[in-house]
Amino acid sequence: MIQVHDIHKSFGTLEVIKGVSFEVNKGEVVCIIGPSGSGKSTILRCINGLESYQRGAILIEGAKVDPAERSITDIRTQVSMVFQRFNLFPHRTALENVMEGPVFVKKTPRAQARDEAAALLDKVGLGAKLDVYPAKLSGGQQQRVAIARALAMQPKAILFDEPTSALDPELVGEVLTVMRDVAAEGMTMVVVTHEMEFARAVADRVLFLEGGVIVEQGPPQEVLRNPQHPRTQDFLHRVIHPME
Amino acid sequence: MGFWERAADYLPLLMEGVWLTLVVTFFSVLLSTFLGFVWAVMAWTRNPVLVAISRGFVTIIRGIPIIVQLFYIYFVMPEIGINLTAMQAGIIGLGIAYSAYQAENFRAGIEAIDKGQIEAAHSIGMTDQLVMRRVILPQAIRIVMPPFGNTIIMILKDSSLVSTITVAELTRQGQLIAASTFDNMTVFTLVALIYLALSLPLTFLTRHLEKRYSQA
């Protein structure tokens, strides 16, 4: 459903993605891991048309992602994104944040959107926080609202860009649990993460990215437990034993 | 005759001027707000032509004294076939001149909105137009309101500049009365007090807005 063909992307003279190809099938959960600066987030942002790319093609169910085209807004209603820093609308309540897309983009009747948004917030454990503004919510709660906001668009896939990296450690679990539940319902997901535990438990496939190329990929038990490439081994070693 | 008797003589004429001062101020605020918003939105788009037009315009306008702009519109435009009444020229001149300052204010308000929110809005399929209306403007207005109040006060005071192109507003009326009575002291004291009386409520309003929006 998501096809990434030989993507190249440069910022000025710095080439950050040097030919990346992969596919994500319907209902699949793909985790992208790798050191910072490896291009993980950039790929995700390219898939959602937040960044342009110079070469190659990204297709969502056959439609090309091109940020310069009008079609991009259509594609974005089919692929939602959850950000590292939540990016909720601070001037709107949790409920309004979730309703915003359905009401103003999909033109869902307000009453229906309200009910659906309330149900989604209930599902992510925030049924008691409907009328609370983001500033009064913890990071973990804000990120769960953001996930509900993404789900409200009834997308075909959700992209997660390091969704737990800005959270205090004790709040990571509540967000990962919600993501696991979303995955269990069959949502197609691409997750850039440093949470190896999550990748191991939830991912169908793990891509290890370094220096703008996919170094290794496969099922989590292979890539994470028995990495073949020395750079994957080195990265995982540093993540699991940071003090050595 | 004491000050108050003379003041009572001049006041009816001055009040005619006050009316025109308010009219010029009101329409200049409207025009400058509208144009300033247009320049700010043009600068916000990623369209290089629109950005260049907006930047160029604001730079040129800010580099020319308002009084020269007024002379240009009132005295030069007729030579290329555009005839405006003094009132029209005054409102258009002040409106255009102040649109440059308003644009800077609006631009600052728009740019103060976190880019992440704009990306999030795009990621749920919002068009630029919708992002502007639903995400940027409701937040930018809080940032923009206090300086906007100050701009209104400045336009009120600078509306006196249109006296130079023969609009019989407050300052012009004062000059005319002073010229015929030689009573500069009474006339210009009154003129000053009237401007103060007009601007004080705006000053308090601006302070109120500053307080209200800094809490939110």
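This is a predicted model: local features need pLDDT of at least 70, side-chain atom pairs count only at pLDDT 80 or more; totals for chains, interfaces and linings use all residues.
**Figure 1. Chain A as a whole.** Let us begin with chain A, which has nine helices and 10 strands. Its radius of gyration is 18 Å, close to the 18 Å that the globule rule gives for 244 residues, so chain A is as compact as a globular protein of that length. Along the principal axes, the C-alpha atoms of chain A fill a box of roughly 55 × 45 × 30 Å. Of the 244 residues in chain A, 46% are buried. Take the contacts in chain A between residues at least 6 apart in sequence: 64% of them join residues at least 24 apart.

**Figure 2. Chain B as a whole.** How many helices and strands does chain B have? The count comes to eight helices and zero strands, and reading along the sequence gives the pattern α-α-α-α-α-α-α-α. The C-alpha atoms of chain B fill a box of roughly 75 × 50 × 20 Å, again taken along the principal axes. Buried residues account for 35% of the 216 residues in chain B. For contacts in chain B between residues at least 6 apart in sequence, 75% join residues at least 24 apart.

**Figure 3. Where chain A meets chain B.** Here 18 residues of chain A are in contact with 15 residues of chain B. Which elements of chain A give two or more residues to the side that touches chain B? They are α2 (72-78), β6 (79-82) and α3 (94-104) of chain A. By type, the residues on this side of chain A divide into seven nonpolar, seven polar and four charged.

**Figure 4. Helix α5 of chain B and its cover.** Just after α5(B) comes G125(B), which takes a positive phi of about 90°.

**Figure 5. Two helices crossing in chain B.** Helix α2 (residues 48-62) of chain B and helix α4 (residues 86-111) of chain B have axes that come within 9 Å and cross at roughly 120°. Why is α2(B) called oblique to α4(B)? Their crossing angle is roughly 120°, and that makes α2(B) oblique to α4(B). The crossing of α2(B) past α4(B) is left-handed. On the α2(B) side you can find V58(B), I61(B) and R62(B), which meet I96(B), A97(B), A100(B), A103(B) and E104(B) in α4(B). The residues of this contact divide into six nonpolar, no polar and two charged.

**Figure 6. Two residues of chain A with positive phi.** Most residues other than glycine have a negative phi. Against that background, look at D6(A), which is not a glycine and yet has a positive phi of about 45°. D6(A) lies in strand β1 (residues 2-11) of chain A. With 13 other C-beta atoms within 10 Å, D6(A) is partly exposed. N87(A) is also a residue other than glycine with a positive phi, near 55°. You will find N87(A) in the loop between β6 and α3 of chain A. Is N87(A) buried or exposed? N87(A) is buried, because 25 other C-beta atoms lie within 10 Å and the cut-off for a buried residue is 20 or more.

Figure 7. The place of P147(B) is in helix α6 (residues 128-158) of chain B. P147(B) has 18 C-beta neighbours inside 10 Å, so it counts as partly exposed. P147(B) and F106(B) are 41 residues apart along the chain, and their C-alpha atoms are separated by 9.5 Å. L193(B) belongs to helix α8 (residues 184-215) of chain B. L193(B) is exposed, with 11 other C-beta atoms within 10 Å. From C-alpha to C-alpha, L193(B) and V29(B) are 22 Å apart in space, and 164 residues apart in sequence.

Definitions and conventions:
Residues are numbered from 1 along each chain as its sequence is written. Chains are lettered from A and ligands numbered from 1 in the order in which they are written. Two residues are in contact if their C-beta atoms, placed from the backbone, lie within 7 Å. Helices (H or I, at least four residues) and strands (E, at least two) are DSSP runs, numbered from the N terminus. Ala, Val, Leu, Ile, Met, Phe, Trp, Tyr, Cys and Pro count as nonpolar, Asp, Glu, Lys and Arg as charged, and the others, Gly among them, as polar. Axes are lines fitted to C-alpha atoms, for helices over the stretch in contact, and angles run from 0 to 180 degrees between N-to-C directions. Angles under 35 degrees count as roughly parallel, over 145 as roughly antiparallel, 65 to 115 as roughly perpendicular and the rest as oblique. A crossing is left-handed if the near helix is turned anticlockwise from the far one by less than a right angle, and right-handed if clockwise. The radius of gyration is taken over C-alpha atoms; the globule rule is 2.2 Å times the number of residues to the power 0.38. A residue is buried if 20 or more other C-beta atoms lie within 10 Å of its own, exposed if 12 or fewer, and partly exposed in between; C-beta atoms are placed from the backbone.
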